[in-house]
Amino acid sequence: MASLTINGVSIEVQAGDDTPLLYVLSDELQLQGPRFGCGLAQCGSCSVLVDGVETRTCVTPIASLKNKAITTLEGISAYYAAQTGLASVPQTTPVQDALVEEQALQCGYCYNGMIIKATELLLNNPDPTDAEIRSAMNGHLCRCGTYPKIISAIKKASRTIQLARQSAADSSMEGII
Ligand code: FES
Ligand code: FES
């Protein structure tokens, strides 16, 4: 039995300390965002954020996650809102919106990992170069091969986030002036 903080909620789970987080999320908590792909930390489909860092849950025992903040796909909008100072939680994030608008996904199996990793990237580096996007997303496999559209979507989300930040900065300056 362990206590985990998942999407801002402290939860007691029954699984043993050496159980990979993915099994706890999907089997015990019925969270279907993170998905089993390779089971070997090679594909990224099972990723979550742990203290803001993309983490492969298929190989991460829950014993290593005590006192850490776990964010799954189900909590990504609230996490994004908290990190960017939004007054309310949007239904979807700019990354999710851009993936849909660019029709970047086909079967959608990689969707979870792509969103988690792209969110980590853009919160740390809102204006990444193409090379930085490719480097960050390296290791997230898309069996449908939609990589060019995924990169386009991340660039689109980057522009959206920058505009939102500029708008928020302009609003706060208006209050000063
Ligand atoms: S299932 Fe975890 S990285 Fe592939
Ligand atoms: S859209 Fe099918 S695996 Fe990426």
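The structure is a predicted model. The protein chain is divided into domain 1 (2-74) and domain 2 (84-176). Five strands form an open sheet, and the largest nonpolar core has 37 residues.

**Domain arrangement**

- The C-alpha centres of domain 1 and domain 2 are separated by 22 Å.
- Contact between the two domains involves 13 residues of domain 1 and 11 residues of domain 2.
- On the side of domain 1 that touches domain 2, the elements giving two or more residues are strand 3 and strand 4.
- Strand 3 supplies the largest share of that side, namely three residues.

- Strand 2 and strand 4 (53-56) are the edge strands, each pairing on one side only.
- From one strand to the next, the twist averages 40°.
- Strand 3 (residues 47-50) and strand 4 run antiparallel and are joined by four bridges; V50 stands opposite V53 in strand 4.
- Helix 4 (residues 111-124) packs on the sheet, where it touches strand 3 and strand 4. The direction of helix 4 makes about 30° with that of strand 3.

- Strand 1 (residues 2-6) pairs with strand 2 in the antiparallel sense, over five bridges.
- A2 has V13 of strand 2 as its bridge partner.
- Two residues lie between strand 1 and strand 2 in this hairpin, and N7 in the turn has a positive phi of about 50°.

**E28 and its surroundings**

- E28 is located in helix 1 (residues 21-28).
- E28 counts as partly exposed because it has 13 C-beta neighbours inside 10 Å, whereas a residue needs 20 or more to be buried.
- Leaving aside residues up to four places away in sequence, E28 touches V13, Q14 and A15.
- Between E28 and A15 the C-alpha to C-alpha distance is 8.1 Å, with a sequence separation of 13 residues.

**The nonpolar core**

- In soluble globular proteins, nonpolar side chains tend to be buried together.
- Within the largest nonpolar core, the residues with the most contacts are V95, M114, I115, A118, I150, A153 and A157.
- Strand 1, helix 1, strand 3, helix 2 (76-84), helix 3 (94-101), helix 4, helix 5 (130-137) and helix 6 (147-176) each give two or more residues to this core.
- Helix 4 makes the largest contribution to the core, with seven residues.
- Both domain 1 and domain 2 are represented in the core, each by at least three residues.
- A157 touches P94, V95, A98, A118 and L122, not counting residues up to four places away in sequence.

**Helix 4**

- Helix 4 is largely enclosed by the rest of the structure, because 11 of its 14 residues are buried.
- The buried residues of helix 4 are Y111, N112, G113, M114, I115, I116, K117, A118, T119, L121 and L122.
- At 1.5 Å a residue, the 14 residues of helix 4 should span 20 Å, which agrees with the 20 Å between its end C-alpha atoms.

Definitions and conventions. Residues are numbered from 1 along each chain as its sequence is written. Chains are lettered from A and ligands numbered from 1 in the order in which they are written. This is a predicted model: local features need pLDDT of at least 70, side-chain atom pairs count only at pLDDT 80 or more; totals for chains, interfaces and linings use all residues. Two strands pair if DSSP finds at least two bridges between them. Axes are lines fitted to C-alpha atoms, for helices over the stretch in contact, and angles run from 0 to 180 degrees between N-to-C directions. Two residues are in contact if their C-beta atoms, placed from the backbone, lie within 7 Å. A residue is buried if 20 or more other C-beta atoms lie within 10 Å of its own, exposed if 12 or fewer, and partly exposed in between; C-beta atoms are placed from the backbone. A nonpolar core is a set of buried Ala, Val, Leu, Ile, Met, Phe, Trp, Tyr and Cys residues joined through C-beta atoms within 7 Å. Domain bounds come from an automatic or database domain assignment. The expected span of a helix is 1.5 Å times one less than its number of residues.
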